[in-house]
Amino acid sequence: MFDPRFNRMAQVLVNYSLAVKPGQWVYVWSQTPAAPLMLEVYREVLKAGGNAFLRADLPGAQEIFYQYADAQLDQVTPVDHLSVEEGKFDHYIRIAAESNTRKLSSVDPAKQQRQQKAMSPILNKRLSRNAQENFNWVVTQFPTDAFAMDADMSLADYTEFVFSACMVNDADPVARWREYRDRQDGYCAFLKGRKSITLRGANFDLRMRIDGRVFINSHGVRNFPDGEIYTGPVENSVEGWIRYSYPAIHQGREVNGIELKFEQGKVVRATAQKGEDYLNTILDTDPGARYLGEFAIGTNYGIDRFSRNILFDEKIGGTVHLAVGRAYENTGAVNQSAVHWDMIAGAQDAEIAADGEVFYRNGRFLI
């Protein structure tokens, strides 16, 4: 499938999200269904004077891996190590292009945990280099039948959904994303130096400290599409409860009706209407998995429906998401874990306050 808007999408990814410079190396990782977008990214990297390594995984390979791997679960490829090594690659693009989003549903979660632990140093290095500002990365998605089915849409409608969320139908999508950046700079400026956040509403009653933490403006540079501001709460400060009103997807598994209770930052009770055993298995991956690594507010009101894809769903305007597990270093947070699981709650009937001052009500910013 080819659409000329894939080239516009590639132009934004290469020239805005990553800002590739002559001589730099870009690691492009996807699956074979995304060939049309991968080739356009390759074209734009070369036009920018850069170099690209294309990695396209074959459908079915991951299922074979989990069927037969044992000691291999605790290893990563030399290429994965090279992808984050200083002096090798300057940028990283991950393009999701699943042909079957349920392919790992029958895999033993313990196997997935072992592989996640093995890969965690790679991910930590990628985030660490990004925090040091010598490595850029961006995650995006290619529309496939599998993603369309998850969203209860036709492939044609889902493709339009993706292009609309990415704003590549716009005459100047880079300008639109710069407008997003400027607006969200105002939100982050308001929250700078604040010490506490309180969330009260139909789906949550939570308190957390954010002193010493930074809110990050997410405007199309790390995720594409984008639209959120996020930080990492002080690890032992979270108190209260939250009910996640949207299904939580993790490693191809769907867990519904999640409720978490926090005491001194830790999840002390985790229940779910569907998938509760799996939920607690993931929360027991390591000590950090029961602490929050991220608190975020979704700001992309162009994403107007739940699609069972976290790249889009966590950005839905009028929602918040709180992720258990690994924190992002650039927020000042320090929680470590092999897990980072974003879970989403509606905030249309809620208030969020900073140091007692309400700045967000019923799904909209007041500032």
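## Strands and bridges

Two strands count as paired if DSSP finds at least two bridges between them. In this predicted model, Phe204 has Ile242 in β9 as its bridge partner. The strands β6 (residues 204–209) and β9 (residues 239–243) are joined by four bridges and run antiparallel.

Strand β9 also pairs with strand β12 (residues 259–263), again antiparallel and through four bridges. Here Trp241 stands opposite Lys261 in β12. In general, the strands of a sheet pair through backbone hydrogen bonds, in either a parallel or an antiparallel way.

## A parallel sheet

An open sheet is built from four strands in the order β2-β1-β3-β4, with parallel pairing. Its edge strands are β2 (51–57) and β4 (136–141), and each of these pairs on one side only. On average, neighbouring strands of this sheet are turned by 15° against each other, direction ignored.

Seven bridges link β1 (residues 25–31) to β2 in the parallel sense. Within this pair, Tyr27 has Phe53 in β2 as its bridge partner. Helix α2 (residues 35–47) packs on the sheet and touches β1, β2, β3 (91–96) and β4. The direction of α2 makes about 170° with that of β2.

## A nonpolar patch on the surface

Which residues form a nonpolar patch on the surface? They are Leu39, Tyr42, Leu46 and Leu54, which together have about 340 Å² of accessible area. Helix α2 gives the most to the patch, with three residues.

Tyr42 lies in helix α2.

## Salt bridges

How many salt bridges does a search of the whole structure find? The search finds 28. One of the salt bridges is between Arg194 and Glu357, whose closest N and O atoms are 3.2 Å apart. Arg194 lies in the loop between α8 (173–191) and β5 (196–201), while Glu357 is in strand β19 (residues 357–361), so the pair ties together parts that are 163 residues apart in sequence. Arg194 is buried, because its relative accessible area is 16% and buried means under 20%. Glu357, with a relative accessible area of 40%, is partly exposed.

Asp205 forms a salt bridge with Arg200, and the closest N and O atoms are 3.7 Å apart. Asp205 is partly exposed at 26% relative accessible area, and Arg200 is partly exposed at 48%.

## A buried pair and a network

Glu314 and Lys315 meet through their side chains in a salt bridge, at 2.8 Å from N to O. Are these residues buried or exposed? Glu314 is buried, with a relative accessible area of 6%. Lys315 has 0% relative accessibility and therefore also counts as buried.

A network of them links Arg102, Asp150, Asp152, Glu254 and Arg308.

How values were computed
Residues are numbered from 1 along each chain as its sequence is written. This is a predicted model: local features need pLDDT of at least 70, side-chain atom pairs count only at pLDDT 80 or more; totals for chains, interfaces and linings use all residues. Side-chain values use heavy atoms; hydrogens and water are left out. Helices (H or I, at least four residues) and strands (E, at least two) are DSSP runs, numbered from the N terminus. Axes are lines fitted to C-alpha atoms, for helices over the stretch in contact, and angles run from 0 to 180 degrees between N-to-C directions. Contact means heavy atoms within 4.5 Å. Patches are made of residues with over 30% relative accessible area and no salt bridge: like charges are joined within 9 Å, nonpolar side chains (Val, Leu, Ile, Met, Phe, Trp, Tyr) within 5 Å. Accessible areas come from the Shrake-Rupley method with a 1.4 Å probe; for residues, only the protein chains shown count as cover. A salt bridge is a side-chain nitrogen of Lys or Arg within 4 Å of a carboxyl oxygen of Asp or Glu. Buried means under 20% relative accessible area, exposed over 50%, partly exposed in between (1.4 Å probe, protein chains only).
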